[in-house]
Amino acid sequence: MKLQCNWNGKMTFTAQADQHKVEMDTKAPIGSDTAMTPKQLLLAGICGCTSMDVVAFLKKHRQPLETFHIEADASSTEGKYPVVFKEIHLTFKLKGQMDSSKVLESVELSQ
């Protein structure tokens with residue numbers, strides 16, 4: 001997998017993989033707050049990756065998933081650079097007439 005990241009000025013960047021592009025920025029006053037920050041995109045990537053796994057596992061087990069929602073809550077280190085994630089808590093919210101053991105298994109396999 002290859003990806004390019006180009007600086008657009010101030011603190012904006014564009015990441016590109018194949019024909020897909022994602023803009024990044026940071027909060028004011030350093031940036032202009034025009035796009036998600038790289039750390040927000042990391043959380044989005046974690047959520048997207050585990051969500052795709054869970055949905056695929058549930059489909060494999062023929063579970064009738066109606067809705068799926070995931071929330072990420074992350075804490076970061078303070079006062080020292082670089083700022084890194086200390087903990088990330090994911091909350092999975094699913095709806096459908098599914099076997100709870102298959103749902104739990106799907107989430108655990110994804111982790």
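**Reading the model step by step**

Author: Let us begin with the order of the elements. From the N terminus on, they run β-β-β-α-β-β-α, which gives two helices and five strands in the chain. Please keep in mind that this is a predicted model.

Reader: Is the chain compact or spread out?

Author: One compares the radius of gyration with the value that the globule rule gives. Here the radius of gyration is 17 Å, well over the 13 Å that the rule gives for 111 residues, so the chain is more spread out than a compact globule. Along its principal axes, the C-alpha trace spans about 50 × 35 × 20 Å. Of the 111 residues, 20% count as buried. The accessible surface comes to about 8,300 Å², and 56% of that belongs to carbon and sulfur atoms.

Reader: How should I read a helix, and which residues of helix α2 are buried?

Author: The general idea comes first. An α-helix has 3.6 residues a turn, so residues three or four places apart point the same way. In helix α2, residues 100-110, the buried residues are V103, S106, V107 and S110. Seen down the axis of α2, these buried residues fall within an arc of 95°, so they line one face of the helix. E108 and L109, on the other side of α2, are exposed.

Reader: What do the buried residues of α2 pack against?

Author: They pack against α1, residues 38-60, and β5, residues 85-95.

Reader: Which residues form the largest nonpolar core?

Author: Again, the general idea comes first. In soluble globular proteins, nonpolar side chains tend to be buried together. In this chain the largest nonpolar core has five residues, namely V54, L58, M98, V103 and V107. The elements that give two or more residues to this core are α1 and α2.

Reader: Is S51 buried or exposed?

Author: Here the cut-off is needed: a residue counts as buried under 20% relative accessible area. S51 has 13% relative accessibility and therefore counts as buried. This residue lies in helix α1. Not counting residues up to four places away in sequence, S51 touches F68 and I70.

Reader: What share of the contacts joins residues at least 24 apart?

Author: Among contacts between residues at least 6 apart in sequence, that share is 35%.

Conventions
Residues numbered from 1 in each chain as written. Predicted model: local features only at pLDDT ≥ 70, side-chain atom pairs only at ≥ 80, totals over all residues. Heavy atoms only, no water. Buried < 20%, exposed > 50% of the residue type's maximum accessible area, 1.4 Å probe, protein only. Helix = DSSP H or I, 4+ residues; strand = E, 2+ residues; numbered from the N terminus. Arc of directions from axis to C-beta. Contact = heavy atoms within 4.5 Å. Core = buried A, V, L, I, M, F, W, Y, C linked by side-chain atoms within 4.5 Å. Rg over C-alpha atoms; globule rule 2.2 N^0.38 Å. Areas by Shrake-Rupley, 256 points an atom, 1.4 Å probe, with all protein chains shown as cover.
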